[in-house]
Amino acid sequence: MPHWSDYSNGERIKILRGSELNQAALAELTGLSIATIQAAEQDKRLSLPTLLRIAGALGVDTSVVLGQQEPRRALGQDDRAMMRALSHAVHDTAAGLAPSVEAPTTAELGKATQHAWELYWQGRYAEVGAVAAPLLRSAAARLHEQPSDVRAEAWGIVADAYRISAYVANLLGVRDLAYAAIGHAQHAAQNAADDLRTALVMSGRSWVCLRDARLSEALDLAERSAAGIEPRFSRATLDQLSVYGAHINFAAVVASRLGDKDRAADYLSQSNATGARMGREYRANGTLFGPVSATTQAVGVNVSLGQTGKALTLIESIHDTAALSDAARHRYELDKALAQADAQLWDASLDTLESALRSAPHWARHQALPQVIMSKVGRASTTRLRRVAKLVGTGPGAVGFPVATAKNAL
């Protein structure tokens, strides 16, 4: 499979343009003639002004068109435009530039934040990013207008908006923006003097580190964020239990990536106890947790630890995942497919994977785990392999993005 730098400039423009834009549409977006676009794609002529206009219209840096940097994995033109707008919102607000928008009320901002989280739980990450940019600017405008002695609530909303932005950037592979946004979220959460928000941000930073293969740092952050909010079960609220359960469960995930079976098992035990105490799935502060979440996420932990038998036993005990968010349910299906692949249940694994990809194509295109599953599947139906490979995007013609692994595909 060729690397991005192996293509010519013209070929890279064609790939970035994709099937969603023809040459005439790109010409209209750039203000260039069709002949100029054709010349660029045929590697006949690409002046600096033309390069700048094409890169801007496609929503990428000029370095991507020139092959010096690979495009973000699974990002179409709309995704790239969304990420650029989100990046501008994050950096502009962090720099203290006064937003040129009317400041909504804190109640209105709260509703907008809840809407963003609902989209996130549904796995509609591109839509979340499109909402996050104006949400962040509006939250910054409200903060700017608040008297200095009553800014805690506004700081909390700003922290949430930065955290949402960081999550979108992390999922779409824009790691530098994810680090920047989660750092700004930490500053805002500290100004809000909110322990739960501070812990949530620390856990978010742990997730960014995990996806960047900084496993030791990720585990340290995950453990500290969970320890900082561990509640007394006898008087803990559902909000507290939900946030703590999600944190301790994530600590188990990170420990499993490091191969620490004892630590992962200890955290899973605490996670199960928290879920049992809650008795049902509960959403709070951008998290969803409960007994079903504890069990389904334990499948992925055991798969990561190479404990395939335990994972399959857990899968047999799970009969209803309707209480989970759409994104959590689809993620469980990928963990299930991976367990089946490890058990050499080739066709069953591909059936599970295909079902997940077809039921949530917009969510699946931002996931790296399908590539990992495909790499593990061996003796299966050739017809089924080809069909699923096409859905995953690993067949002929796929761009040579860095290979995902079970360690960084969370």
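**Loops, helix packing and charge pairs**

Analyst: Gln344 is partly exposed, at a relative accessible area of 48%. Keep in mind that this is a predicted model.

User: Where does Gln344 sit?

Analyst: Gln344 lies in the loop between H17 and H18.

User: And what's its phi doing?

Analyst: The phi of Gln344 is positive, near 60 degrees, and Gln344 is a residue other than glycine. For context, most residues other than glycine have a negative phi.

User: Which other non-glycine residue has a positive phi of about 60 degrees?

Analyst: Asp43 has one, at about 60 degrees. Asp43 belongs to the loop between helix H3 (34-41) and helix H4 (48-58).

User: Is Asp43 buried, exposed or partly exposed?

Analyst: Asp43 has a relative accessible area of 42%, so it counts as partly exposed.

User: OK, helices now. How do H17 and H20 pack?

Analyst: The angle between H17 and H20 is about 15 degrees, and their axes are 9 Å apart. That angle is under 35 degrees, so H17 and H20 run roughly parallel to each other. The crossing of H17 and H20 is left-handed.

User: Which residues meet there?

Analyst: From H17 you have Arg331, Leu334, Asp335, Ala337, Leu338, Ala341 and Asp342, and they meet Leu369, Pro370, Val372, Ile373 and Lys376 of H20. By class, the contact of H17 with H20 has 8 nonpolar, no polar and 4 charged residues.

User: What do Asp335 and Arg331 do with each other?

Analyst: Their side chains form a salt bridge, 3.2 Å from N to O. Asp335 and Arg331 are both in helix H17 (residues 326-342), 4 residues apart, which is about one turn of the helix.

User: Buried or exposed, those two?

Analyst: Asp335 and Arg331 are both buried.

User: What about H18 against H20, how do their axes cross?

Analyst: Helix H18 (residues 346-359) and helix H20 (residues 369-376) have axes that come within 11 Å and cross at roughly 160 degrees. With an angle over 145 degrees, H18 and H20 are therefore roughly antiparallel to each other. The crossing of H18 and H20 is left-handed.

User: Which side chains are in that contact? I'd like the classes too.

Analyst: H18 brings Trp346, Ser349, Leu350, Leu353 and Leu357, while H20 brings Pro370, Ile373, Met374 and Lys376. The contact of H18 with H20 divides into 7 nonpolar, 1 polar and 1 charged.

User: Back to charges. How many salt bridges are there?

Analyst: The count comes to 13 salt bridges. The general idea is that side chains of opposite charge can pair when their charged atoms come close.

User: What does Arg124 pair with?

Analyst: Arg124 makes a salt bridge with Glu127, and the closest N and O atoms are 2.6 Å apart. Arg124 is at 33% relative accessibility, so it counts as partly exposed. Glu127, at 37%, counts as partly exposed.

User: And Glu217, which side chain does it meet?

Analyst: Glu217 meets Arg214 in a salt bridge, 3.3 Å from N to O. Glu217 is partly exposed, with a relative accessible area of 36%. Arg214 is partly exposed, with 33%.

User: Which residues are linked in a network of salt bridges?

Analyst: Asp160, Asp194 and Arg197 are linked that way.

User: Change of topic: where is Asn170, and what does it touch?

Analyst: Asn170 is in helix H9 (residues 152-171). Leaving out residues up to four places away in sequence, Asn170 touches Arg175, Ala178, Trp207, Val208 and Arg211.

User: How accessible is Asn170?

Analyst: The relative accessible area of Asn170 is 0%, so Asn170 is buried.

User: Last one, Val64. Which helix is it in, and is it buried or exposed?

Analyst: Val64 is in helix H5 (residues 62-65). At 4% relative accessibility, Val64 counts as buried.

User: What does Val64 touch?

Analyst: Not counting residues up to four places away in sequence, Val64 touches Trp4, Arg12, Leu16, Gln69, Glu70 and Pro71. Val64 and Leu16 are 48 residues apart along the chain, and their C-alpha atoms are separated by 9.4 Å.

Definitions and conventions. Residues numbered from 1 in each chain as written. Predicted model: local features only at pLDDT ≥ 70, side-chain atom pairs only at ≥ 80, totals over all residues. Heavy atoms only, no water. Axes fitted to C-alpha atoms, helices over the stretch in contact; angles between N-to-C directions. Helix = DSSP H or I, 4+ residues; strand = E, 2+ residues; numbered from the N terminus. Parallel < 35°, antiparallel > 145°, perpendicular 65-115°, else oblique. Left-handed = near helix turned anticlockwise from the far one by under 90°. Contact = heavy atoms within 4.5 Å. Nonpolar A, V, L, I, M, F, W, Y, C, P; charged D, E, K, R; others polar. Salt bridge = Lys/Arg side-chain N within 4 Å of Asp/Glu carboxyl O. Buried < 20%, exposed > 50% of the residue type's maximum accessible area, 1.4 Å probe, protein only.
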